[in-house]
Amino acid sequence: MSFAPTSIVMLDASIALAGGMQAIARGENEIDLSQLVSFDSSAVSAVLAWQRAAAGRGSSLSIHGMPAGLRSLAQLYGVDALLAG
């Protein structure tokens with residue numbers, strides 16, 4: 001089962017971040033963003049943190065269903081290549 005947040009905005013980013021970190025700590029290697037309906041730039045930060053956490057455990061992380069708007073934000077910040085997965 002993959003972690004699948006529905007919202008990652010400044011107000012709740014710490015909750016989503018922690019949920020993803022817990023999933024990675026359990027050995028999950030997929031995050032499903034297809035249900036993500038609310039997001040802002042904090043979502044970009046969360047995904048980058050999840051990628052770093054997985055890499056720190058020596059594994060890769062697959063990101064599925066990333067909304068086009070989130071990809072656009074990542075491109076705006078110049079980190080879209082880091083979010084590939």
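**Entry 1: ground rules.** I number residues from 1 along each chain as its sequence is written. Because the model is predicted, local features need pLDDT of at least 70, side-chain atom pairs count only at pLDDT 80 or more, and totals for chains, interfaces and linings use all residues, while side-chain values use heavy atoms, with hydrogens and water left out. My helices (H or I, at least four residues) and strands (E, at least two) are DSSP runs, numbered from the N terminus.

**Entry 2: H1 beside H2.** I wanted two values here, since two packed helices are described by the angle between their axes and the distance between the axes. I take the axes as lines fitted to C-alpha atoms, for helices over the stretch in contact, with angles from 0 to 180 degrees between N-to-C directions. Helix H1 covers residues 13-25, and its axis comes within 10 Å of the H2 axis, crossing at roughly 20°. H1 and H2 are therefore roughly parallel (angles under 35 degrees count as roughly parallel, over 145 as roughly antiparallel, 65 to 115 as roughly perpendicular and the rest as oblique).

Which residues of H1 and H2 meet? I found Ala13, Ala16, Leu17, Gly20, Met21 and Ile24 on H1, facing Ser42, Ala46, Ala49, Trp50, Ala53 and Ala54 on H2; contact means heavy atoms within 4.5 Å.

**Entry 3: H2 against H3.** Next I looked at H2 (residues 41-56) and H3 (residues 68-77), which pack at about 80° with axes 9 Å apart. That angle is why H2 and H3 are roughly perpendicular to each other. Ser41, Ala43 and Val44 of H2 touch Leu70, Leu73, Ala74 and Tyr77 of H3. The contact of H2 with H3 has 6 nonpolar residues, 1 polar and no charged ones.

**Entry 4: the two sides of H3.** Which residues of H3 are buried? My list is Leu70, Leu73 and Ala74 (buried means under 20% relative accessible area, exposed over 50%, partly exposed in between, with a 1.4 Å probe and protein chains only). Seen down the axis of H3, these buried residues fall within an arc of 100°, so they line one face of the helix; the arc is that of the directions from the helix axis to the C-beta atoms. A handy reminder: an α-helix has 3.6 residues a turn, so residues three or four places apart point the same way. The buried residues of H3 pack against strand E3 (38-39) and H2. On the other side of H3, I found Ala68 and Leu76 exposed.

**Entry 5: around the ends of H3.** Just after H3, glycine 78 takes a positive phi of about 75°. Methionine 66 sits in the loop between strand E4 (62-64) and H3. Is methionine 66 buried or exposed? Methionine 66 counts as buried, at 11% relative accessibility. Setting aside neighbours within four places in sequence, methionine 66 contacts Leu33, Arg71 and Leu83.

**Entry 6: two more residues.** Valine 37, in the loop between strand E2 (30-32) and E3, counts as exposed at 67% relative accessibility. Alanine 4 lies in the segment before strand E1 (7-8) and is partly exposed, with a relative accessible area of 36%.

Methods: Nonpolar A, V, L, I, M, F, W, Y, C, P; charged D, E, K, R; others polar.
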